[in-house]
Amino acid sequence: MARTFFIGGNWKMNGSVAIVKTLVDMLNGAPVPAGTEVVVAPPAIYVDRVRQTLKKEIGVSAQNSYTKASGAYTGEISPEQLKDLGIDWVILGHSERREIFKESDEFVGEKTAHALKAGVNVIACIGEKLEEREAGITSDVVTRQLKAIADKIDDWTNVVVAYEPVWAIGTGKVATPEQAEEVHETLRNWLKENVSQDVADKTRIIYGGSVKGSNAAELATKENIDGFLVGGASLQADFLTIVAAKQ
């Protein structure tokens with residue numbers, strides 16, 4: 001079945017008031033192709049500014065959220081607060097959160113469940129490290145991470161799964177279209193066997209890891225690659241080339 005192509009731009013901890021204005025102006029001046037959904041994820045302190053100034057056809061996402069609606073959790077933000085600002089998406093489980101901030105599979109699952117309950121859509125990230133790929137356990141790792149999310153949620157309607165091989169993030173190394181497609185197919189089959197055929201058919205599985213305008217179109221031809229989560233290139237005009245990859 002046809003799944004709406006999804007392009008996410010993860011700005012990570014980058015930007016300033018001036019840079020944000022430049023990026024918003026760039027996005028506002030560019031067409032969003034029919035059949036493609038575009039969402040950008042600025043740092044938390046800029047999400048409101050971006051939502052207020054960015055055209056409504058483009059969604060805005062946070063890069064993280066917590067498992068509670070409010071309370072004594074210094075430094076955290078809740079999905080309920082994001083919803084209050086008109087922010088409809090959050091990225092959860094990014095490898096940088098897992099690696100640097102020691103977020104477990106289970107915690108990512110809990111955060112995903114809470115965000116969905118609060119009415120915020122989730123870009124749920126999974127992916128293997130280089131040593132795991134070299135050990136031949138990529139499938140074990142990514143399905144373990146996916147299971148931790150599946151264990152906590154019942155409705156996949158508002159979940160986009162982002163496969164990001166850790167060894168390809170920001171390194172300039174890119175999984176070949178064949179490598180990426182192989183993992184995406186594994187993930188879709190896991191959903192079919194462990195959740196339902198309907199969820200497997202409808203859930204968008206996107207690829208992240210040094211995606212650029214020069215490689216996006218070829219990756220986009222693969223049957224199970226439903227879009228991209230873009231890091232560094234989302235801060236450049238090259239992002240517009242990626243947005244148009246499926247045209």
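First, the ground rules. The model is predicted, so local features need pLDDT of at least 70 and side-chain atom pairs count only at pLDDT 80 or more, while totals for chains, interfaces and linings use all residues. Residues are numbered from 1 along each chain as its sequence is written, and side-chain values use heavy atoms, with hydrogens and water left out.

I start with helix H1, residues 17-28. Helices here are DSSP runs of H or I with at least four residues, strands are runs of E with at least two, and both are numbered from the N terminus. The expected span of a helix is 1.5 Å times one less than its number of residues. For the 12 residues of H1 that gives 16 Å, and the end C-alpha atoms are 16 Å apart, so the two agree.

Which residues of H1 are buried? They are Val20, Leu23, Val24, Met26 and Leu27. They cover an arc of only 160° around the axis, which puts them on the same side of H1. That arc is taken over the directions from the helix axis to the C-beta atoms. Buried means under 20% relative accessible area, exposed means over 50%, and partly exposed is in between, with a 1.4 Å probe and protein chains only. On the face of H1 turned away from the buried side sit the exposed residues Ala18, Lys21 and Thr22. The cover over the buried residues of H1 includes strand S2 (36-41), helix H2 (47-53), strand S3 (58-62) and helix H11 (238-243). Contact means heavy atoms within 4.5 Å.

On a 1 Å grid over the protein atoms alone, a cavity is a set of points where a 1.4 Å probe fits but cannot get out; a pocket is an open set with protein on both sides within 12 Å along at least five of seven lines; lining residues have an atom within 4 Å of a point. Grid points are joined across faces, edges and corners, and a volume is the space filled by probe spheres set on the points. How many cavities of 30 Å³ or more does the structure hold? It holds one. The largest cavity has about 40 Å³ of space.

The largest pocket has a volume of about 520 Å³. Its lining has 17 residues, of which Met13, Ala44, Gln63, Asn64 and Arg97 lie nearest its centre. Helix H4 (residues 95-100) gives the most to that lining, with three residues.

Next, the cores. In soluble globular proteins, nonpolar side chains tend to be buried together. A nonpolar core is a set of buried Ala, Val, Leu, Ile, Met, Phe, Trp, Tyr and Cys residues joined through side-chain atoms within 4.5 Å. The largest one has 60 residues, and Ile7, Val50, Trp156, Tyr207 and Phe228 have the most contacts inside it. A second, separate core of 11 residues includes Phe6, Trp89, Ile123 and Cys125. Not counting residues up to four places away in sequence, Trp156 touches Leu146, Ile149, Ala150, Val161, Leu191, Val195, Val199 and Thr203. Of these, Leu191 is also listed among the buried residues of helix H8. H8, residues 177-194, has 18 residues and reaches 25 Å from its first C-alpha to its last, close to the 26 Å expected.

Now some single residues. Is lysine 111 buried or exposed? Lysine 111 is buried, with a relative accessible area of 1%. It lies in helix H5 (residues 105-117). Leaving out residues up to four places away in sequence, lysine 111 touches Asn64, Ser65, Tyr66, Thr67, Leu92 and Glu103.

Two backbone points follow. Most residues other than glycine have a negative phi. Lysine 102, in the loop between H4 and H5, has a positive phi of about 60° and counts as exposed at 64% relative accessibility. Serine 210 has a positive phi of about 55°, but counts as buried at 13%. Serine 210 is in the loop between strand S7 (204-207) and helix H10 (213-220).

Last, serine 78, in the loop between S3 and helix H3 (79-84), is buried at 2% relative accessibility. Its C-alpha is 5.2 Å from that of tyrosine 66, 12 residues apart along the chain.
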